[in-house]
Amino acid sequence: MPSEVVGLVLAAGASRRMGPDTNKLCAPVDGKPLLAWAVDAMFEAGVTRVFVVTGFEATKVREVLGDRPCFFVDNPSWSEGMGASIAAGTRKILEDESPRGILVCVGDLPGLEAVWIEALLAEFDRVDSSDCLCVPTYQGRWGHPVLFGRDYFGALTALEGETGGRSILQAHEGQLVRI
């Protein structure tokens, strides 16, 4: 029997727009590191296994998450882009796990609340299909995190460079469940 949904948080980027001296994922936002918002929301929503993909300043990123029970995936190809990080994280998850879905989230979502993730998980459970793609939307625009059913794991592991999960959503728009 497959396990639950597994979380995958992307935390490998170089934060170039923040300048050379600031890793935005480690910067405090309302009393905790920016990256911790996504990780904490997943745990609070009941996602029990959360993988964090690191790259740029990996040690610093690990340290800022403290004793949170994350599994870390070091991506040596992090500089290639988001697609490479999603692929690395998905491959690592699939080495030891057989989840029903993978909840992919960027690490820079200050204010992310567990209730929003709970809504995605509830809809994923309701649909109960391996080809389900649950995506939050606001005013017609797709957001994060996105929950990918099992049928898309191969596509996630095949991502490269800057091409992220949006390409999968676009190719399978008929399977989207918008929340």
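The largest nonpolar core of this predicted model has 32 residues, and those with the most contacts inside it are Val9, Leu35, Met42, Val52, Leu103 and Ile117. A nonpolar core here is a set of buried Ala, Val, Leu, Ile, Met, Phe, Trp, Tyr and Cys residues joined through side-chain atoms within 4.5 Å. Buried means under 20% relative accessible area, exposed over 50%, and partly exposed in between, with a 1.4 Å probe and protein chains only. At least two residues of this core come from each of E1, H1, E4, helix H2 (58-64), E6 and helix H4 (114-127). The largest share, 7 residues, is supplied by H1. Helices (H or I, at least four residues) and strands (E, at least two) are DSSP runs numbered from the N terminus.

Neighbours within four places in sequence aside, Leu35 is in contact (heavy atoms within 4.5 Å) with Val9, Ala11, Leu25, Val52, Val61, Leu65 and Gly107. Another core, of 24 residues, lies apart from the largest one and includes Phe51, Val135, Tyr152 and Leu159.

Next comes the sheet. An open sheet of 7 strands runs in the order E5-E4-E1-E6-E10-E7-E11, with mixed pairing; two strands pair if DSSP finds at least two bridges between them. Strand E5 (71-74) and strand E11 (176-178) are the edges, each pairing on one side only. On average, neighbouring strands of this sheet are turned by 20 degrees against each other, direction ignored.

Helix H3 (residues 82-96) lies across E1, E4, E5 and E6, at about 145 degrees to E1. Axes are lines fitted to C-alpha atoms, for helices over the stretch in contact, and angles run from 0 to 180 degrees between N-to-C directions.

The last topic is cysteine. A search of the whole structure finds 0 disulfides, a disulfide being a pair of cysteine sulfur atoms within 2.5 Å. For Cys26, the nearest cysteine sulfur, that of Cys70, is 13 Å away. The sulfur of Cys105 is 12 Å from the closest cysteine sulfur, in Cys70, which is too far for a bond. Cys26 is buried, with a relative accessible area of 16%, and Cys105 is buried too, at 0%.

Residues are numbered from 1 along each chain as its sequence is written. In this predicted model, local features need pLDDT of at least 70 and side-chain atom pairs count only at pLDDT 80 or more, while totals for chains, interfaces and linings use all residues, and side-chain values use heavy atoms, with hydrogens and water left out.
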